[in-house]
Each structure stands twice: as structure tokens, then as C-alpha cells.
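Please look over the sequence and the structure before reading on.

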Amino acid sequence: LVKAAGELKEEITYDAEKEELRRVVPFDWETMGDGSHLSLCCKNVPLTEEDKSEGEKAFYGAKHEYAVTRDELKALFEPFGKVGIVKLRFGRKEGKAYPLGMAIIEFENEEGMAKASAELLPKEGEAKEIEIKGNKLTFETVKPMKCFQKGAKRARDDKKDDKDKQEKEEEEEIKFEPVKVEMVKGCVIALTGLSDETCDRESIREAVSDILKVTKDIKTSGLYVDYTRGATSGNLRLTESK
């Protein structure tokens, strides 16, 4: 591996101290791409006939397996340039996979892709025909996956953005100043016999404000309800004697 790193300095680095191999360009979703710019979609790939001895269709339609291998397709496109990956495409229905008669041919470099496109997808003139096992293949370019399209975001990125936005909004919320009430010693009314299930500070304030002739506004009433939820007693503390 160390020898390979020495020969592939543009792609791999070796950290002798940590004894680690790393890519020069980090391999993440933003830098790796999906290979669409180097790929052709190949359609009408031949399939085998259904084996009727099985008694029922193994897959869907009249054919159920590819009649060609990845290596056969790779060899078919090598004259244009070195092929890196061949993907035979499958669909799925009711838990079963079935061939779509389609393959993705990904070249290792742009030169190979450019040569193949020029001959198989010409802007002018007739396209070169390629046939395999009796089927004439058709071609089209490959669109990048949604997550690799320019300006696109992954779902988890959207969630992160929503979370950041929510946190920012929470920070920007109006912060209420704490209520300060200057109490005068002795201006206290003791409360007893309170319900430990339904009683709370708000209900006590609601009940006594009219009796004490104070407003129900916490800041201006001069009334502080000294009560802990669940207790059967508490105190009303006033800034002025009533």
C-alpha cells in the first residue's frame, strides 16, 4: 500500500507517523459525484426468454433475465475508451427484482465518454449502430441523481437548515425582563385549604384580584402569589396594605 501511495501521489497520501493512507481529495458526497457526466444509458439490452417449465412467470413480462453479461457489454464499449463500471438495471415489484433491459456504461475518463457520445449520440448525421445478440441498442445521456444536481440538497441537509433556522428564531424571540416587586414587610395574606390538584398561581391571581382591587397584570398589580403547585397553602404578598 505504501508503494502504491508513492506511485499515486496525486490521489493518495501516506501518513508515516499514523501509518494511514488517505485520499488527496476527501471522498464525500460533494466531491465524489455520481459518474453521470461519464455515463451513457444503454437501452434494449437483450433478455432471455421465460422458462415456461417453471409453471408461472419468475418475473414480469415475457422475459426474465439478461442474456448478456457485464463483461460482454464492457468489451463492446472498450473501443471508445476504457470502461470503469457497467451497471445492469433492475426494477422491483412485489418484492421481486426483474430486468429493465437497460444498462449504464460509465467510462473512466472524459475522452472515452466524448468519443462514445460523438459516434452514438451525434448532433448531426446518423448514429453508429451497435448490435448484440440480435438487439440493436439505443442510447441517451444520464441525468445526475437529484442529490448531485447543482444547488440540490439532501434531506438531512434540509433538516439541519430547519433546525438552525428554528434555533436562530428562538434566539431572536423577545426576552421579557424579570418582574421585580418591592415587598413591604407585613403586607402578607396567608392562604390555606387550597386544592393540591387544581390550584395554581394563575387561578389564585384570577380569584383574588377583584377582591383586593388590583389589576391582573403581573408587572403593575403589586401582587405576588407565593405558591407552589401541589401545596394546600400559600401566601399573597402585596406592596401596599389593603
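Against which strands do the buried residues of α6 pack? In this predicted model, the buried residues of α6 pack against β11 (188–191), β12 (223–226) and β13 (234–238).

**The helix**

Helix α6 covers residues 201–212, and its 12 residues should span 16 Å at 1.5 Å a residue; the end C-alpha atoms are 16 Å apart, which agrees with this expectation. Ile204, Arg205, Val208, Ser209 and Leu212 are the buried residues of α6. Seen down the helix axis, these buried residues fall within an arc of 125 degrees, so they line one face of α6. Glu202 and Asp210, on the other side of α6, are exposed.

| Residue of α6 | State |
|---|---|
| Ile204 | buried |
| Val208 | buried |
| Leu212 | buried |
| Glu202 | exposed |
| Asp210 | exposed |

The N-terminal end of α6 is capped by Asp200, which has a side-chain oxygen 3.2 Å from the backbone nitrogen of Glu202. Just after the helix, Lys213 adopts a positive phi of about 60 degrees.

**The sheet**

Three strands form an open sheet in the order β11-β13-β12, and their pairing is antiparallel. β11 and β12 are the edge strands, each pairing on one side only. On average, neighbouring strands of this sheet are turned by 15 degrees against each other, direction ignored. Helix α6 packs on the sheet, where it touches β11, β12 and β13, and its direction makes about 140 degrees with that of β12.

Between β12 and β13, the antiparallel pairing extends over four bridges. Val225 has Leu236, in β13, as its bridge partner.

Technical notes. Residues are numbered from 1 along each chain as its sequence is written. This is a predicted model: local features need pLDDT of at least 70, side-chain atom pairs count only at pLDDT 80 or more; totals for chains, interfaces and linings use all residues. Side-chain values use heavy atoms; hydrogens and water are left out. Helices (H or I, at least four residues) and strands (E, at least two) are DSSP runs, numbered from the N terminus. The expected span of a helix is 1.5 Å times one less than its number of residues. Buried means under 20% relative accessible area, exposed over 50%, partly exposed in between (1.4 Å probe, protein chains only). The arc is that of the directions from the helix axis to the C-beta atoms. Contact means heavy atoms within 4.5 Å. A polar contact is a pair of N or O atoms within 3.5 Å; within protein, one must be able to donate a hydrogen and the other to accept it, and residues adjacent in sequence count only if both atoms are side-chain atoms. Two strands pair if DSSP finds at least two bridges between them. Axes are lines fitted to C-alpha atoms, for helices over the stretch in contact, and angles run from 0 to 180 degrees between N-to-C directions.
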